[in-house]
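Subject: Structure for your review

Dear colleague,

Please find below the structure that I am handing over to you. My notes on it follow, and I would ask you to read them with the structure open.

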Amino acid sequence: MRRYHRPDLVLLGTILALLGIGFIMVYSSSAVRGYIQFDDPYHFLKAETIWVFLGLLAMFVSYRVDLQMLRRFAKPALYTAIVLLVAVKVPGLGRRVNGADRWIGLGPLSIQPSEVIKLSMVLVMAHILALNPHKIRSFRKGVIPVLGLLGVVAGLIMLQPDLGTTLVIAGTTFFMLIAAGARTAHILGLGGSGLGLVVAAIAAAPYRMRRIFAFLDPWADPLGNGYQTIQALLALGPGGLFGLGLGQSRQKFLYLPENHTDFIFAMIGEELGFVGATLVVMLFFLFAWRGFRVAMRTQDPFSGLLAVGLTAMISIQAMINMGVVSGVLPVTGITLPFISYGGTSLVFTMLGVGVLLRVSREIR
């Protein structure tokens, strides 16, 4: 029997707080760009309003769906996402931006299949790992099938190419294997192998090697590969303790590329200072704590693994984004969940947190 109660209100409040900060900062960081490119300082804010509304609607819809019904759609969702990943390479259908084939054009709109595959992978992994919990102790019967699926998906994403999303999916799978009860020796082996594959992927692409060198010494190429890192640091540094003030950023005058998407955390640091940036970091820590707390309080393996996967997926992505902006990690194109401007990313993130809130509501 199931009994229902209120969802985790602290988790819900954290999500809405991050969404509110993102809505304000998208306008503050994009007004100049909107005025210059579209003669309308509210251009990006108008689009963000629509995406936030659609995201909240997606969260409400997924919150209302029964988890066992959702489980039945796990494999069809994964197959659909894989087809979409292949479709980005189809001429006339895929849309190339900044040298990457990551989008499918539908008239004026664009869909990013990698956002679809992240959520689909969490659903399928939770389903597979919950079918027979004892198999995960066996490397051949439990771990190998999971790694095979991960390899296919990661290979398709790397063809775009998109190393950031690949790392998020691999990290999420790693957390789910731990939660499912995989052996420590297997986990350590996979971690070492995964690190080796990341190094190989970086070494195989000259532009990734240039990013590594720029990460180590951005001032060696200040107008090239080190430009984004330097401009992000020039935003964070002057912000000081309390920031320059909301709307007072200097880097948003087209000095910092992608200032309203991938590098919006630099805008937060510049305008709201160390206090504002720390608040965002703490909100993500609070989100991770409440998400994993929900997972530990479930008794159904599928629900628990689903909560672990969704929490890890969003938390890892946030960690990578903030690490890139602050110069702790090499530059990779990945958005800050709930806060960065973006359509597909925001809607599917909100779709995922709706499922997470559903898990917090439903107890067996």
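**Notes on the predicted model**

L54 has a relative accessible area of 34%, so it counts as partly exposed. Please bear in mind that the model is a predicted one. L54 is located in helix α2, which covers residues 43-64. An α-helix has 3.6 residues a turn, so residues three or four places apart point the same way.

I turn next to the aromatic residues. How many aromatic pairs does the structure hold? There are six aromatic pairs in the structure. In one of them, F175 and F292, the ring centres are 6.2 Å apart and the planes meet at 20°; the pair is therefore stacked, since planes under 30 degrees apart count as stacked. F175 belongs to helix α7 (residues 163-180) and F292 to helix α11 (residues 264-296), so this pair ties together parts that are 117 residues apart in sequence. F175 is partly exposed, at a relative accessible area of 37%. F292 is partly exposed as well, with 25% relative accessibility.

Two further items concern aromatic rings. F38, F44 and Y341 form one aromatic cluster.

Helix α5 (residues 113-131) consists of 19 residues and spans 27 Å from its first C-alpha to its last, close to the 27 Å expected at 1.5 Å a residue. Because 17 of the 19 residues of α5 are buried, this helix is largely enclosed by the rest of the structure. Helix α13 (residues 343-361) also has 19 residues, and its first and last C-alpha atoms are 27 Å apart, close to the expected 27 Å. Helix α13 is mostly covered, with 17 of its 19 residues buried.

Finally, is T332 buried or exposed? T332 sits in the loop between α12 (301-325) and α13. Its relative accessibility is 15%, so T332 counts as buried, the cut-off for buried being under 20%. T332 and H43 are 289 residues apart along the chain, and their C-alpha atoms are separated by 26 Å.

With kind regards

Key. Residues numbered from 1 in each chain as written. Predicted model: local features only at pLDDT ≥ 70, side-chain atom pairs only at ≥ 80, totals over all residues. Heavy atoms only, no water. Phe/Tyr/Trp six-rings, centres within 6.5 Å; stacked < 30°, edge-to-face > 60°. Helix = DSSP H or I, 4+ residues; strand = E, 2+ residues; numbered from the N terminus. Buried < 20%, exposed > 50% of the residue type's maximum accessible area, 1.4 Å probe, protein only. Expected span 1.5 Å × (residues − 1).
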